[in-house]
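Please examine the following model with attention to its sheets, one of its helices and its aromatic pairs.

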Amino acid sequence: MSRLAVAMTPQRAADVISAEARRLMAERYEVSWADEPLTADVVARLAVGSDVLLTSWGTPPLDRAIWAGGDGPRVVAHAAGTVKKLIDREVLDQGVAVFSAAGRIAWSVGEYCLAAMLTLARRLPLFDTAIRAGGWKQSGFRGGELTGRRVGVLGASSTARALITLLRPFRCDVVVYDPYLDQEAAAALGVRTGTLEEALGCPFVSVHVPDLPDTRGLVSARLIERIPDHAVVVNSARGPAVDQGALLEQVLAGRLFAALDVFDPEPPRLGESVLSCPNLLLTPHIAGDTVDGHLALAGYVMADVADWLDKGVRGPSFVDPASWPIAA
């Protein structure tokens with residue numbers, strides 16, 4: 001029986017490992033569970049001699065020395081998002097297979113983006129504010145619809161692809177800006193490619209780029225000024241990708257609507273005018289954080305681990321070393 005080491009606290013394990021996943025893990029593996037405190041030394045002792053190491057948020061970065069003696073785990077399964085702060089790129093080059101649940105989290109993010117678009121398109125925060133102030137029917141504004149509209153998507157990441165899938169029933173004209181997305185791949189997604197300016201020229205804009213030197217400041221003040229009046233802008237990706245001050249200036253002026261789940265810096269320092277703005281939806285970096293989504297994370301990666309060990313199949317959670325430079 002293969003050996004599985006679970007390098008996460010009991011609290012995190014309860015958060016990301018469903019009862020069904022625990023049952024399947026117990027059937028297939030000899031499972032070792034970590035206790036608190038979860039230090040780097042504790043993780044190293046668990047990892048050495050195991051076949052699979054299951055990690056999540058809160059797992060200390062994995063020291064390359066774990067693999068120095070040749071008895072480190074041949075698989076690392078991360079029941080969370082990015083693995084860039086967890087494991088060195090060089091470890092992948094040694095033949096260690098790494099899996100990440102970022103693709104499952106992406107679906108939660110996609111749902112958030114869709115919900116934010118619909119909420120702001122219908123002007124629900126404005127109606128909510130009005131009725132709480134004692135009002136009723138409003139003659140000064142009216143909500144709109146998402147169906148049939150153009151949606152600009154910045155980046156063709158897994159979160160973007162989840163949103164694109166969710167947009168299909170709305171028959172939107174989706175314009176994707178991503179230098180790495182070719183025409184064939186775009187056609188397979190049912191979208192068309194466009195320039196950054198074209199994507200930002202849509203009445204709905206959703207940001208899905210990773211935090212890389214080339215993406216910081218991607219949506220500049222100059223480009224924000226060219227976003228159409230009354231457009232809805234959603235940023236669930238990374239705060240530095242957007243000139244936050246310039247965007248908030250346009251939102252406070254009433255020209256744009258925005259949903260911000262990420263900020264620069266985090267947590268943000270926002271003034272009273274921003275906090276009381278009814279055409280601004282603010283959330284604390286929780287787009288990928290749901291009860292259902294978290295409980296599915298370990299099962300998501302461990303299913304792909306089983307296929308890898310049994311058949312050598314790279315499932316959707318496999319981290320391709322070739323994509324490391326542009327991965328989130």
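**A guided reading of the model**

For helix α14 (residues 297-311), 15 residues at 1.5 Å a residue should span 21 Å, and the end C-alpha atoms are 22 Å apart, which agrees. The expected span of a helix is taken as 1.5 Å times one less than its number of residues. Helices (H or I, at least four residues) and strands (E, at least two) are DSSP runs, numbered from the N terminus. The model is a predicted one, in which local features need pLDDT of at least 70 and side-chain atom pairs count only at pLDDT 80 or more, while totals for chains, interfaces and linings use all residues. Residues are numbered from 1 along each chain as its sequence is written, and side-chain values use heavy atoms, with hydrogens and water left out.

Within α14, the residues Leu297, Ala298, Val301, Met302, Asp304, Val305 and Ala306 are buried. Here buried means under 20% relative accessible area, exposed means over 50%, and partly exposed lies in between (1.4 Å probe, protein chains only). Just after this helix, Gly312 adopts a positive phi of about 70 degrees.

Rings of Phe, Tyr and Trp (its six-membered ring) pair if their centres lie within 6.5 Å; planes under 30 degrees apart count as stacked, over 60 as edge-to-face and the rest as tilted. By this rule there are four aromatic pairs. One of them, Phe99 with Trp308, is edge-to-face, at 6.3 Å centre to centre and 70 degrees between the planes. Because Phe99 belongs to strand β5 (residues 97-100) and Trp308 to helix α14, the pair ties together parts that are 209 residues apart in sequence. Phe99 is buried, at a relative accessible area of 0%, whereas Trp308, at 25%, counts as partly exposed. Ring pairs link Phe99, Trp308 and Phe318 into a cluster.

Ala80 is found in the loop between β4 (75-78) and α4 (89-93), and it is buried, with a relative accessible area of 0%. The C-alpha atoms of Ala80 and Trp57 are separated by 6.1 Å, although the two residues are 23 apart along the chain.

Attention now turns to strand pairing, for which DSSP must find at least two bridges between two strands. Strand β1 (residues 2-7) runs parallel to β2 (residues 29-33), joined by five bridges, and Val6 has Trp33 as its bridge partner in β2. β1 also pairs with β3 in the parallel sense over four bridges, where Ala7 stands opposite Thr55.

A further sheet is open and has seven strands in the order β8-β7-β6-β9-β10-β11-β12, with parallel pairing. β8 (192-193) and β12 (280-282) stand at the edges with a single partner strand each, so one side of each is left without a neighbour in the sheet. Four bridges connect β10 (residues 232-235) with the parallel strand β11 (residues 257-260), and Val234 has Ala259 as its bridge partner in β11.

UniProt lists residues 114-287, in an unreviewed entry, as "domain: D-isomer specific 2-hydroxyacid dehydrogenase NAD-binding"; such annotations may be inferred rather than shown by experiment, and positions follow the numbering used here, with feature names shortened. This span is 33% helix and 16% strand, and its end C-alpha atoms lie 11 Å apart.
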